[in-house]
Amino acid sequence: MTAYPSAVRLRRAALIGALCAGIAVTGTGCAEKTDPDKGTNGVGKQTPEKIESQAKAAATAAGSVRLSGTLVSGGKTFTLDLRLKADGGSGQVKSQADTFQVLRVGEQLYLKASAAFWGKSDSAGKLGDKYVKVPESDPTYKQFRGFTDMHVLLDGLLGLQGKLTKGGYTSVGHTKAVPVSADAGKGGKLTVSLEGTPYPLLMERAGGAGRVELSEWGKTFPLEAPAQDQTVDYGSQLPTTKDGTGTGTGTGTGTGKASPAPSKGATTGGTGGSGSTGGTGGTGGTGAGSSGQGSDPTGG
């Protein structure tokens, strides 16, 4: 009399086990609820303010980063692909009109541009695809140095404006991440890694002013001055460029145009406007002109 009920119970238990193993069932008796924070760095449990703070702290402490994407200002788009660290950086800055290769080793800055960028001076044909050594006294130095300054760029980029909210978990590439938005995205959105150190992985700037990915945090890379046969040194003043004019103080008059390199903007949220650099003076003369000031290319 006791064997029959035992057999029924065994068959019933086997059936329930088969159902639990064969299909996805959410219930107390079949499967445990998955913990979304299991295996993460735990940052996703924090408030959005704390997530932003930890991401900024991680970025500040990092030794290097790769930054790629776009910055938008005044309807103009600048495309960046830069590798940066504390003592310099290198990479490409591209606008609709020109493409520049920038390189800074310590305090020495080099700029490579097409021959067209240097205008119609006698020197222009010799400068195409050469690294031109930029003197610190030249306004172009201040304008372009910001693109190679890791902390200047990060300070200008990693800013959210408004009330912060935390979004559902997502991924950037193959890395699990959590987004933090300001004013439902109108004030920008920062996506932070949930794996390892909580580095910023993606910044979408307020007002549609650009989208920048941040990767290769802490990865070392070589940073060396260009070969001597690839370098041109003009001493204390650069040759005339294509977007400005300058008046010589000697026996002749120099003409030219200033670099379209961004200078510091008046407001936050975009790449700075254009500054003008005086052209090289005529024979025996030195160019004079006004220059856009500031080293923050994000217009912060």
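Modeller: Let's start with a term: a residue is buried if its relative accessible area is under 20%, exposed if it is over 50%, and partly exposed in between, using a 1.4 Å probe and protein chains only. Keep in mind that this is a predicted model, where local features need pLDDT of at least 70 and side-chain atom pairs count only at pLDDT 80 or more, while totals for chains, interfaces and linings use all residues. Residues are numbered from 1 along each chain as its sequence is written, and side-chain values use heavy atoms, with hydrogens and water left out.

Now the pairs. Side chains of opposite charge can pair when their charged atoms come close. A salt bridge here is a side-chain nitrogen of Lys or Arg within 4 Å of a carboxyl oxygen of Asp or Glu, and that rule gives nine of them.

Take Arg66 and Asp81, whose side chains meet in a salt bridge at 3.0 Å, N to O. They link distant parts of the chain, with Arg66 in strand β1 (residues 64-73) and Asp81 in strand β2 (residues 76-85), 15 residues apart. Strands, by the way, are DSSP runs of E with at least two residues, helices are runs of H or I with at least four, and both are numbered from the N terminus. Arg66 has 28% relative accessibility, so it counts as partly exposed. Asp81, at 31%, is partly exposed too.

Arg66 also has a salt bridge with Glu216, where the closest N and O atoms are 3.4 Å apart. Glu216 lies in the loop between β12 (210-215) and β13 (231-233) and Arg66 in strand β1, so this pair ties together parts that are 150 residues apart in sequence. Glu216 counts as partly exposed because its relative accessibility is 27%.

Another one to look at joins Arg145 and Glu107, with the closest N and O atoms 3.0 Å apart. Arg145 is in helix α4 (residues 139-145) and Glu107 is in the loop between β4 and β5, so the pair ties together parts 38 residues apart in sequence. Here the two partners fall on either side of a cut-off: Arg145 counts as buried at 17% relative accessibility, whereas Glu107 is partly exposed, with a relative accessible area of 42%.
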